[in-house]
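Please look over the sequence and the model together. The report below walks through the fold.

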Amino acid sequence: EFVPVIARLVSVSTFATPSQWNVATDRGDTQFILRGEEDIRRIGHGRLLITDNHGMQYLIPNLDALDAHSRRLLDRFL
């Protein structure tokens, strides 16, 4: 199944949901709408699965491996 891996969070439009996320993935840069914080699921030690408003899923395989900027943005939603 096609699941892009998020390498970096570039920006988030707002820290309230819904919000637009601009991310860099292993498939290229993209943007999506996060409907709610419940669409970010922990799926194991340091792994996250994010589902956008169209049902597309994105994987963060290692939360600790993200750069500081990305972790700060993501921490607002966890």
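This is a predicted model: local features need pLDDT of at least 70, side-chain atom pairs count only at pLDDT 80 or more; totals for chains, interfaces and linings use all residues.

Residues are numbered from 1 along each chain as its sequence is written, and side-chain values use heavy atoms, with hydrogens and water left out.

**The sheet E1-E2-E3**

Helices (H or I, at least four residues) and strands (E, at least two) are DSSP runs, numbered from the N terminus. Two strands pair if DSSP finds at least two bridges between them. Three such strands form an open sheet in the order E1-E2-E3, with antiparallel pairing. E1 and E3 are the edge strands, and each pairs on one side only. Neighbouring strands here are turned by 30° against each other on average, direction ignored. Axes are lines fitted to C-alpha atoms, for helices over the stretch in contact, and angles run from 0 to 180 degrees between N-to-C directions. Helix H1 packs on this sheet and touches E1 and E2. The direction of H1 makes about 65° with that of E1. Contact means heavy atoms within 4.5 Å. E1 and E2 are antiparallel and joined by 5 bridges. Within this pair, Leu-9 stands opposite Val-23 in E2.

**The sheet E4-E5-E6**

A further open sheet has 3 strands in the order E4-E5-E6, again with antiparallel pairing. E4 and E6 stand at the edges with a single partner strand each, so one side of each has no neighbour in the sheet. The twist averages 25° from one strand to the next.

| Hairpin | Bridges | Residues between the strands | Turn glycine with positive phi |
|---|---|---|---|
| E4 and E5 | 3 bridges | 5 residues | Gly-44, about 145° |
| E5 and E6 | 4 bridges | 5 residues | Gly-55, about 90° |

Strand E4 covers residues 40–42. Ile-40 has Ile-50 as its bridge partner in E5. Arg-42 stands opposite Leu-48 in E5. On the E6 side, the bridge partner of Thr-51 is Gln-57.

In a regular strand, side chains alternate between the two faces of the sheet. Which residues of E5 point each way? Leu-48 and Ile-50 point one way from E5, and Leu-49 and Thr-51 point the other way. All four are buried. Buried means under 20% relative accessible area, exposed over 50%, and partly exposed in between (1.4 Å probe, protein chains only).

**The core**

Nonpolar side chains tend to be buried together in soluble globular proteins. A nonpolar core is a set of buried Ala, Val, Leu, Ile, Met, Phe, Trp, Tyr and Cys residues joined through side-chain atoms within 4.5 Å. The largest one here has 17 residues. Those with the most contacts inside this core are Ile-6, Leu-9, Trp-21, Ile-40, Ile-50 and Leu-74. Strands E1 (6–12), E2 (19–25), E3 (28–34), E5 (48–51) and E6 (57–60) and helix H1 (68–75) each supply at least two of its residues. E1 gives the most, with 3 residues.

Take Trp-21. Beyond residues up to four places away in sequence, Trp-21 touches Leu-9, Ser-11, Val-12, Thr-30, Gln-31, Phe-32, Leu-34, Ile-40, Ile-50, Leu-74 and Phe-77.

Ser-19 lies in strand E2. Is Ser-19 buried or exposed? Ser-19 is buried, with a relative accessible area of 1%. Its side chain makes a polar contact with the side chain of Trp-21 (3.0 Å). A polar contact is a pair of N or O atoms within 3.5 Å; within protein, one must be able to donate a hydrogen and the other to accept it, and residues adjacent in sequence count only if both atoms are side-chain atoms. Leaving aside neighbours within four places in sequence, Ser-19 is in contact with several residues, including Val-12, Phe-32 and Phe-77.

Phe-15 sits in the loop between E1 and E2. Phe-15 is partly exposed, with a relative accessible area of 37%. Residues up to four places away aside, Phe-15 touches Leu-73, Arg-76 and Phe-77. The C-alpha atoms of Phe-15 and Asp-29 are separated by 20 Å.
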